[in-house]
Amino acid sequence: MTQKIFILILTAFTLTSCQTKQTNTNNNNKAMPESTKTNNPYYSHTDTSKVDIPDSEWKKILPDDVYQVARNKATESAFTGKYWDFEGNGTYYCAACGNPLFRSTAKFASTCGWPSYYETIRKNSVIYEADNSYVMHRIEVLCGRCDSHLGHIFDDGPAPTGKRFCMNSIVLDFVPDDSTRTN
Ligand code: FE
């Protein structure tokens, strides 16, 4: 009986969790620090050309907490990121390259502790890769422009897609609809 309960708990964890290698990315500031763009010549909300640069270059242009998730595939701790319970109207961009990823209208309240969306802005906003790390079979979600790690996708999202894009706040850059900011 005890063994049965243990297996059930283990299965539930495997199905719902996108938390693996954790990094301390606590940040109570809802605005993305400008440091993600400073000295980052690849950052653009309009340029759709691929960004293919060596890891050493990423290390130079990204803040360390962004770098750890985007390039080392770390995962921020649940319920600690900027956007897991954020409800502003606007657009979420890749914090590494500025690629448009999600509209706030596709964001939904998820109990997982990470910002969750049921669809991307465009089909090619992201790309997918099989991730068999940590004895789990998951689908990794990467930025379609710069290949940065964003999070994972699960099949327990709401209609109309039934998908849950489980993302790390630290690699997202939110711009409100009424923003006059240009990049
Ligand atoms: Fe990107």
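Select Pro 160 in the loop between β9 (149–154) and β10 (164–167). This is a predicted model. Look at the bond leading in: Ala 159 to Pro 160 is a cis peptide, with omega near 10°. Most peptide bonds are trans, and most residues other than glycine have a negative phi.

Pick Asp 147, in the loop between β8 (138–143) and β9. Its phi is positive, near 65°, though Asp 147 is not glycine.

Move to Phe 79, in the loop between β2 (75–76) and β3. Phi is positive here too, near 65°. Phe 79 has 12 other C-beta atoms within 10 Å, so it counts as exposed.

Now show the strands β4, β3 and β11. They form an open sheet in the order β4-β3-β11, with antiparallel pairing. β4 (100–103) and β11 (172–176) stand at the edges; each has a single partner strand, so one side of each lacks a neighbour in the sheet. Neighbouring strands are turned by 30° against each other on average, direction ignored.

Zoom in on β3 (residues 90–94). Five bridges join β3 to β11. Which residue of β11 is the bridge partner of Gly 90? Select Pro 176 to find it.

Finally, zoom out to the protein chain. It holds three helices and 11 strands. Of its 183 residues, 37% are buried. Among contacts with a separation of 6 or more, 64% link residues 24 or more positions apart.

Terms used:
Residues are numbered from 1 along each chain as its sequence is written. This is a predicted model: local features need pLDDT of at least 70, side-chain atom pairs count only at pLDDT 80 or more; totals for chains, interfaces and linings use all residues. Two strands pair if DSSP finds at least two bridges between them. Helices (H or I, at least four residues) and strands (E, at least two) are DSSP runs, numbered from the N terminus. Axes are lines fitted to C-alpha atoms, for helices over the stretch in contact, and angles run from 0 to 180 degrees between N-to-C directions. A residue is buried if 20 or more other C-beta atoms lie within 10 Å of its own, exposed if 12 or fewer, and partly exposed in between; C-beta atoms are placed from the backbone. Two residues are in contact if their C-beta atoms, placed from the backbone, lie within 7 Å.
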